[in-house]
Amino acid sequence: MSGAVEQAYREHWPRLLALLVTRLRRFDLAEESLQDAFAAAAERWDRDGVPAHPAGWLMTTAWRRALDRVRREEADRERLPLLVVDAPGTVTGAVTEACAGDEVGDERLRLLFACCHPALAPDARTALMLRFGAGLTTAEIARLCLVPEPTMAARLTRAKKKIAQAGIPLRAPAPADLAGRLDGLLTAVYLLFSEGYRATGGSALLRPRLAQEAIRLGYELGLLLPVEPEPVALLALMVLQHARRDARVDADGHLVRLAEQDRSRWHPTELRHGFELLAFVRDDGSSGRYALEALIAAEHAKAVTAAGTDWARIAGLYERLEARTGSPVVRLNRAVAVAEAGDPALALALTEEAAERLPGHHLVPAVRAELLQRLGRSGEAGAAWEASLRLVRTEPERQYLLRRAAAPAPRS
């Protein structure tokens with residue numbers, strides 16, 4: 001794949017896929033047609049040059065391939081009039097304009113809401129949203145959801161069949177139904193941000209474009225449902241976390257621990273905006289998941305130095321978050337906070353409990369190794385570092401683990 005095609009894939013694949021799904025009303029047809037368009041681009045752009053509007057070229061090509069596929073499908077001939085809604089030139093022209101304007105974002109948000117249909121299982125909704133609304137690969141979604149790739153592929157296939165068999169409409173729900181689909185959509189947006197914040201595979205730790213897209217969707221949700229507290233909380237969380245992006249890797253792309261980050265590289269304007277959003281987040285017994293996570297992010301963001309971090313407060317917030325979610329990942333983060341607050345023995349016990357529910361996650365043995373080092377159990381720590389290195393998927397994190405394994409044990 002040429003450089004221009006690779007760039008077009010990174011910049012336009014998710015948006016074009018969402019647009020095609022909503023226009024064609026068929027997941028497989030949209031995906032296959034867009035794949036054909038990129039294959040054609042790989043062949044023609046090197047020969048004829050990159051078009052002035054790559055997204056429009058790809059969309060027009062994919063649309064034509066879709067029409068060709070429908071014409072060839074004997075069983076789907078009756079659908080063709082539904083697709084040809086205007087003269088060919090007008091359709092492709094309108095689609096090209098949509099690629100350059102806000103309509104693409106609106107289409108994606110409508111598709112995300114459609115994928116939250118209550119007839120679908122919750123895990124299927126998340127998978128569909130991340131695949132067709134956010135454009136992540138099946139492998140990426142599997143890693144984010146902590147399941148094997150074949151399991152995720154089967155989940156997506158079942159969900160697509162369910163939509164086709166049940167006749168679920170791929171359009172925005174009625175206004176009265178929006179709030180009922182909000183939880184699933186917030187989950188998908190946060191998972192998309194998580195992949196941008198800390199990639200689950202590949203050579204780069206950060207994928208800023210994905211994180212920025214998740215934040216954009218967060219703003220859209222806030223405008224759409226201004227009285228709902230959790231979209232604002234999620235947006236505050238993402239903005240505060242994303243503001244630290246430049247300090248999270250060094251010039252060579254190596255992961256930099258929070259305690260070692262150059263805080264002058266954090267983005268102060270974004271941090272201020274995050275705190276402004278946080279002013280609308282309640283800190284009481286009714287606080288939702290994203291409110292609690294935003295409060296945790298704020299504790300890190302307001303600490304002028306690493307030593308000034310209120311780890312006891314963070315550990316308490318994680319305890320409340322775990323009680324609300326039951327998440328083993330939250331339990332693992334709580335263990336880290338408890339250790340930083342001065343109790344590595346309790347932190348190790350919490351980690352062991354999380355390990356039973358997170359098999360194959362490299363951070364579990366990594367945290368365990370850190371804690372064992374603090375407790376002076378260097379032999380066990382070495383074995384845990386080796387286990388973590390066998391499981392890690394990204395090169396920046398592999399290098400980080402190698403450095404941590406060779407570093408002296410931190411003082412408790």
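Arg47 has a relative accessibility of 56% and counts as exposed (exposed means over 50% relative accessible area, buried under 20%, and partly exposed in between, with a 1.4 Å probe and protein chains only). Asp48 is likewise exposed, at 53%. The side chains of these residues, Arg47 and Asp48, form a salt bridge with an N to O distance of 3.0 Å (a salt bridge is a side-chain nitrogen of Lys or Arg within 4 Å of a carboxyl oxygen of Asp or Glu). The model is a predicted one, in which local features need pLDDT of at least 70 and side-chain atom pairs count only at pLDDT 80 or more, while totals for chains, interfaces and linings use all residues. Residues are numbered from 1 along each chain as its sequence is written, and side-chain values use heavy atoms, with hydrogens and water left out.

Across the whole structure, the search finds 29 salt bridges. One of them joins the side chains of Arg257 and Glu260, at 3.5 Å from N to O. In this pair Arg257 is partly exposed, with 22% relative accessibility, whereas Glu260 is exposed, with a relative accessible area of 51%.

A further salt bridge links Arg374 to Glu340, with 2.8 Å between the closest N and O atoms. Arg374 belongs to helix 18 (residues 363-374) and Glu340 to helix 16 (residues 328-340), so the pair ties together parts that are 34 residues apart in sequence (helices are DSSP runs of H or I with at least four residues, strands are runs of E with at least two, and both are numbered from the N terminus). Arg374 is buried, at 16% relative accessibility, and Glu340 is partly exposed, at 32%. Salt bridges also connect Asp283, Glu299, Lys302, Arg313 and Arg320 in a network.

Helix 7 covers residues 122-133. The buried residues of helix 7 include Arg125 and Arg131, together with Leu128, Met129, Leu130 and Phe132. Ala124, Thr126, Ala127 and Gly133 of this helix are buried as well. Just after helix 7, Gly135 adopts a positive phi of about 80°.

Terms used. Expected span 1.5 Å × (residues − 1).
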